[in-house]
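The following note sets out several points on the model shown below. Please read them alongside the coordinates.

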Amino acid sequence: MRELGYTQKEAQRLIAKGRLLINGEPLTKAGADIEGEFEFIYFEPLTKGLKPTFVEEQFVVFDKPSGVLIHPQNRNTPYSLIDELKYQFGRDANIAHRIDQETSGLVLCARNKESERDIKMMFQERDMQKTYLAVVHGKFEKEMIVEAPLLRAEDESAIVRMVVKVHKNGKPSKTEFKPLQYFPDFNMTLVECKPYTGRQHQIRVHLFHVKHPIVGDPIYGQKEEDVVRFLDRELALDERIQNTGSSRLLLHASSLEFELYNKKYAIESNVNFKEIALSKIKINC
């Protein structure tokens, strides 16, 4: 605790997570006496120089590149956005919400424990308007609001461990879609997406539900055998491009609008997603 500056509560939590090892075995009793050498595994953030898009005293916003995880998946994950956040803003900084690994765009991060609590409450109360951009298959001809309940499957089999589906027993879910530009050469459409609820994979499932799956989506709209191979990391990149139209999911978190501490914010991504998406499609074609 003295060496690394942990409070007693933090130290006990980390011991409970199996971070303190005696002779290579995790210590399970937080109040145990130990003597001699021991090992402690702690998180040391690394940086790749990703600068935040927006900085305030209480929070920051990063434009996450596609492919970067929000949090480490395990101890062997070399880099994630939490690395960059804690490296630049300290141990108490934390990410307040998630977007998928392949989704690019804005991620709101708290700079301290108090603002983390307030921001997470803002998300729970749905006082945050998020806007996404997606490139979808087919000609998306008119604005529409999709209200289709979403159910996350509980089965542990390979096909459903990441899959969400429209189901009458699911949670209420609502997304507004607006076509922005049709690309006739590729039969694809750039669409603006505004989720009013925050379900896992909501935009992806709702677009698949209306028969306009997102270009590059390796799960929704794909054959079951290819989904299993993707989840098991056995699907070759060229096969994925052939099946989905892109090597990555063409979904981007483009703007955040909210009010925090009596101030209104409207934060826009600095990334030209349309240009990136078109370059990916042209390369793949």
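How many residues of strand S7 (residues 104–110) are buried?

1. Seven of the seven residues in S7 are buried, where buried means under 20% relative accessible area, exposed over 50% and partly exposed in between (1.4 Å probe, protein chains only). Strands (E, at least two residues) and helices (H or I, at least four) are DSSP runs numbered from the N terminus.

2. This is a predicted model: local features need pLDDT of at least 70 and side-chain atom pairs count only at pLDDT 80 or more, while totals for chains, interfaces and linings use all residues. Residues are numbered from 1 along each chain as its sequence is written, and side-chain values use heavy atoms, with hydrogens and water left out.

3. Strand S5 (residues 59–64) pairs with S7 in the antiparallel sense over six bridges; pairing requires at least two DSSP bridges between two strands. Here Lys64 stands opposite Gly105. Gly105 also stands opposite Ala253 in S14, and S14 (residues 251–260) is parallel to S7 over two bridges.

4. The largest nonpolar core has 39 residues, among which Val135, Leu207 and Ile214 touch the most other members. Such a core is a set of buried Ala, Val, Leu, Ile, Met, Phe, Trp, Tyr and Cys residues joined through side-chain atoms within 4.5 Å. Strand S8 (residues 128–137) supplies its largest share, five residues.

5. Arg240 lies in helix H6 (residues 237–244) and is buried, with a relative accessible area of 6%. Leaving aside neighbours within four places in sequence, its contacts (heavy atoms within 4.5 Å) include Glu102, Phe230 and Arg248.
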